[in-house]
Amino acid sequence: MPEGEDKPSVLDGISRIRTTLDELEAQIAQYRKLLAEEEATTARWEAEPSVVEVVDEAQLGNIAEEIAADAAALYDPRFKPEVVTTQQVVVEVTPTAIEDARQDEEAVEERKHLAEPKVELPTLFAELQTQLEMGLHRNASVAVFVDGEELLSYLSSEDGSGATPEPPPLFRAFSSGKAMAAATIWRLLDAGTLEIDAPVARYWPEFAQRGKTGVTLRHVLTHTAGLPRDFGRGDVDWGDWGRMIDILASMPLEYEPGKVIHYHAITFGLLVAEIASRATGDTFVDLFEREVKSPLGLSDTSFAVDLEDREARLRIQKLHVPADYHDKYIPRKMDWLLDNQIVSPGATCITSARDLAKLYSTVCAGGRTIEDEVWLSEEAAGNVYTVHAHAYDIESMMPLRIGQGVWFFDDQPNRMAASEESRTFGHGGMGTSIAWGDPDHNIAVAIVTDTMQSEELNGKRLNRISGAVRRDLELPLGVVEEI
């Protein structure tokens with residue numbers, strides 16, 4: 001025993017060492033338990049049918065580029081849907097982090113007992129049932145607002161169809177969410193914070209690089225800004241907002257602003273979000289919450305769902321694709337974006353049919369909400385569906401009409417089943433959805449599905465569902481093709 005050290009102090013030291021060892025052993029045991037659980041989960045995943053085992057950067061590819069290329073077909077006036085008579089086969093994908101929040105058996109059982117809707121729309125219900133039996137969707141939601149009030153919120157589901165349960169299921173809106181993003185601009189224009197013909201560089205000085213001083217907010221809203229392409233290193237940059245914005249600011253123009261329409265599939269959402277943010281000093285997410293989501297009561301809409309929000313993630317409908325879909329990995333890619341909290345306002349919106357229809361209903365009602373509160377002035381609401389660009393689409397060389405981030409479809413047939421020169425305005429989402437408003441009859445409709453289809457077939461089914469709504473409500477009707 002060293003001089004000056006008594007026996008009790010040595011014993012105390014040994015006791016502390018033993019306590020530390022016990023704690024370490026307990027931690028090691030816990031780590032071993034977690035490792036065993038992880039190995040069991042991995043073994044379960046490997047035993048299930050899958051199309052991909054590990055999602056890495058190479059397998060993901062450039063999601064932004066792929067969405068941009070696919071979504072461009074939405075606004076091609078040459079679109080003519082193909083007749084489809086075969087049953088659609090759906091491919092399963094392996095679980096990702098979002099799979100931990102899927103609906104359990106009890107929730108599915110409850111869905112089988114959905115209440116009957118309180119209104120009769122026989123043409124619509126029959127069309128949805130036919131498409132369900134064809135395998136065109138597993139779940140499809142349709143919301144209809146008339147004169148500012150909800151007429152219908154309906155779920156067509158393989159687990160039982162009927163009035164939409166509460167809380168409603170959530171769907172990936174893809175580009176149907178662009179109108180949600182643009183709505184922040186509508187509010188800031190109405191408040192005088194933004195001016196539609198002001199150069200973007202007034203609010204975002206760095207944007208003036210490489211000849212972009214002449215690009216205005218009107219050009220951005222009408223897809224005539226001349227910046228339609230993807231940018232940077234694709235998915236590597238998606239998680240870094242500052243990096244994406246720096247790349248966008250440094251991009252050169254492809255066209256003289258205002259001359260041609262070329263759909264800005266990804267860049268649109270980033271542009272409107274950054275312009276709104278620069279003009280106010282707030283983040284886009286905070287702006288959307290304050291200017292759009294909260295005043296309109298859009299409780300089901302967001303551009304990223306927190307990983308800890310299990311209740312919301314339980315409601316997100318799993319994406320499905322047919323066996324012949326050109327990108328069988330797209331459901332897993334979208335889960336990757338969700339799990340990594342990527343906000344891309346032109347592509348990552350998650351919402352319900354009710355919220356989409358509610359936005360269009362408010363605009364059609366002269367800017368007044370369903371609670372009869374003023375959200376937009378009547379002039380500002382009318383400006384949303386005023387034609388702000390009537391130019392040639394660079395790919396089809398057909399003339400197109402665009403409002404403030406919304407489109408008018410004159411080609412026949414179209415996804416809104418609108419007649420030529422109709423004032424019906426709206427926006428579609430890649431392979432899944434359409435939302436539209438008819439200001440002349442104060443009608444708003446949203447159709448969202450969980451099963452992606454080719455743009456030809458997706459256009460066909462949305463055209464037929466929109467047409468069914470129009471027939472039931474005795475609205476003017478464009479061409480509706482037979483299957």
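Predicted model: local features only at pLDDT ≥ 70, side-chain atom pairs only at ≥ 80, totals over all residues.

Reader: Which residues of helix 11 are buried?

Author: Thr-267, Phe-268, Gly-269, Leu-270, Leu-271, Val-272, Ala-273, Glu-274, Ile-275, Ala-276 and Ser-277. Buried means under 20% relative accessible area, with a 1.4 Å probe and protein chains only. Helices are DSSP runs of H or I, at least four residues, numbered from the N terminus.

Reader: OK, what covers the buried residues of helix 11?

Author: The cover includes helix 6, helix 7 (200-203), helix 8 (217-221), helix 10 (241-250) and helix 12 (284-296).

Reader: And what comes just after helix 11?

Author: Gly-281, with a positive phi of about 85°. Just after helix 6, Gly-192 also takes a positive phi of about 85°.

Reader: Why is helix 6 largely enclosed?

Author: Because 11 of its 14 residues are buried. Among them are Met-180, Ile-185 and Trp-186.

Reader: Switching topic: which residues have the most contacts inside the largest nonpolar core?

Author: Trp-186, Trp-204, Trp-375 and Phe-425, in a core of 82 residues. Helix 6 gives the largest share of this core, nine residues. A nonpolar core is a set of buried Ala, Val, Leu, Ile, Met, Phe, Trp, Tyr and Cys residues joined through side-chain atoms within 4.5 Å; contact means heavy atoms within 4.5 Å.

Notes: Residues numbered from 1 in each chain as written. Heavy atoms only, no water. Buried < 20%, exposed > 50% of the residue type's maximum accessible area, 1.4 Å probe, protein only. Helix = DSSP H or I, 4+ residues; strand = E, 2+ residues; numbered from the N terminus.
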